[in-house]
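Please read the points below with the structure open beside them.

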Amino acid sequence: MSDHGSFFQRDRSWHPPALTPQYKTSVLRSPRYPLLSLENTISEMTGPVFGHDVIGPLDNDLIRNYAKTGDPIGQRIIVYGRVLDENARPVPGALLEFWQANAGGRYRHKKETYLAAIDPNFGGCGRAITDQEGRYSFRTIKPGAYPWPNGVNDWRPAHIHFSVFGHAFAQRLITQMYFEGDPMIWQCPIVSTIPDKAAVEQLIAALDRNNTIHMDALAYKFDIVLRGRRSTLFENRMEGN
Amino acid sequence: MVQKLGHLKESPSQTAGPYVHIGTTPNWVEITGVWKDDLGLVLVSPDTKGERIIVKGRIFDGSGTPLKDALIEIWQADAKGLYNSPQERRGRADPHFVGWGRQPVDGATGEFRFETIKPGRVPFRDGRAMAPHITFWIVARGINTGLHTRMYFGDEEAANAECPVLARIEHKIRLSTLVAPRTEENGLPTYTFDIRLQGENETVFFDI
Ligand SMILES: [Fe+3]
């Protein structure tokens, strides 16, 4: 096997380093040895594929998928975007899983101790698979900011967590989406694990007034970029590449 | 100024946080009725070909405390060494084995336990056979970018000795961090793969 089809090396200066003392939990959970660089083998260039059949009709509707007695409280929003690779090609068939706090900033989780109320109609999880152009969308309510035990007065900005499966295990990614205009983004010890301001900005979804739903929901656009793969310039292209 | 290459940047990683299970294994944290089954909990069906094995272990932080909130994913070849993936060009993998598993570690003990099959050998880039292995991906609160490692099998000494990936490890004393010893439990071969994020015997993690 040549370099053909292997993934561009991850830019570790664009990602957060393992050890980020301002985010205290990272201190004991960060490897001290350097990572061992390994050119992709087939073990990394392959990965699980999920069919559209795993997705239920309400999986991408967090307003409805846990509702018991009515709609959840909060600002209704649409989040949409595309999953692309570093070559700017769409990634079809990517499984996205997302989770978030409710409008008050409270997660539905037994270890959660924040006193904001649980919303009986909001579960806080959803998923979607991208179409042929790499597009996805879901409907939810805007999550609230919440305090967390790190410094004595640290708050997370409003955010939605994303887990993304591309076509290969090497592309596996978990990240978070933030909201345009939120001043708390720049005060967050977890956001600031990312060293480069432009990299942080890549995680801030843009408010899109053109795609709001009239008298219903605001829209935010959030594109996600997964690692791209090499194609050997003087050979036939690999399938799907 | 020069021309622009036009590549996009990969979206930067952020920690999975303490509530990763809400989005990945909601039923496991009692968010039921959204979707029926958590993905990845079961790897093997009665039709799956290959030797049944148990892979278990814990993840320890730099103080030696087991993580109770981590999520582990594994990815492996089938019994013949084929991946169930569209990128697999060498043949068709066992249709009864996806080869991907996902599990939260136990909230009380920190243990994980996968019931799977022993994978076959797959080739390195130059065609030499790698020793049988299972790829691990670990996320948790406090881990900013998911960690990749590999579990090798303690009873594959000859294959391990010639594995081109294991040969890359300069500090031979660290090799043992990737090799899970084999025992028997309830008649099943059981491999214990303890992962140490930091400190003495820190596991080898890969930049793949
Ligand atoms: Fe969060």
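**Notes on the predicted model**

1. The largest pocket of this predicted model has a volume of about 500 Å³. Its lining comprises 23 residues, and A:Trp148, A:Pro149, B:Pro18, B:Tyr19 and B:Arg141 lie nearest the centre. Strand 6 (residues 146-148) of chain A gives the most to this lining, namely three residues. Sorted by class, the lining has nine nonpolar, seven polar and seven charged residues.

2. A:Leu28 belongs to the segment before strand 1 (36-37) of chain A. Its relative accessible area is 35%, so A:Leu28 is partly exposed.

3. Over all chains, the structure holds 31 salt bridges. One of them joins the side chains of A:Arg127 and A:Asp59 (2.9 Å, N to O). This pair links distant parts of the chain, 68 residues apart: A:Arg127 is in strand 4 (residues 125-129) of chain A, and A:Asp59 is in the loop between helix 1 (42-45) and strand 2 (76-85) of chain A. A:Arg127 is buried, at 4% relative accessible area, and A:Asp59 is buried, at 2%.

4. In chain B, the side chains of B:Lys118 and B:Asp155 form a salt bridge (3.4 Å, N to O). B:Lys118 lies in the loop between strand 4 (111-117) and strand 5 (133-139) of chain B, and B:Asp155 in the loop between strand 6 (147-153) and helix 2 (157-161) of chain B, so the pair ties together parts 37 residues apart in sequence. B:Lys118 is buried, at 12% relative accessibility, whereas B:Asp155 is partly exposed, at 34%.

5. B:Lys118 and B:Asp155 also belong to a network of salt bridges that includes B:Glu51, B:Glu156, B:Arg182 and B:Glu184.

Technical notes. Residues numbered from 1 in each chain as written. Chains lettered and ligands numbered in written order. Predicted model: local features only at pLDDT ≥ 70, side-chain atom pairs only at ≥ 80, totals over all residues. Heavy atoms only, no water. 1 Å grid on protein atoms, 1.4 Å probe; cavity = no way out; pocket = protein on both sides within 12 Å on 5 of 7 lines; lining within 4 Å. Points joined across faces, edges and corners; volume = space filled by probe spheres on them. Helix = DSSP H or I, 4+ residues; strand = E, 2+ residues; numbered from the N terminus. Nonpolar A, V, L, I, M, F, W, Y, C, P; charged D, E, K, R; others polar. Buried < 20%, exposed > 50% of the residue type's maximum accessible area, 1.4 Å probe, protein only. Salt bridge = Lys/Arg side-chain N within 4 Å of Asp/Glu carboxyl O.
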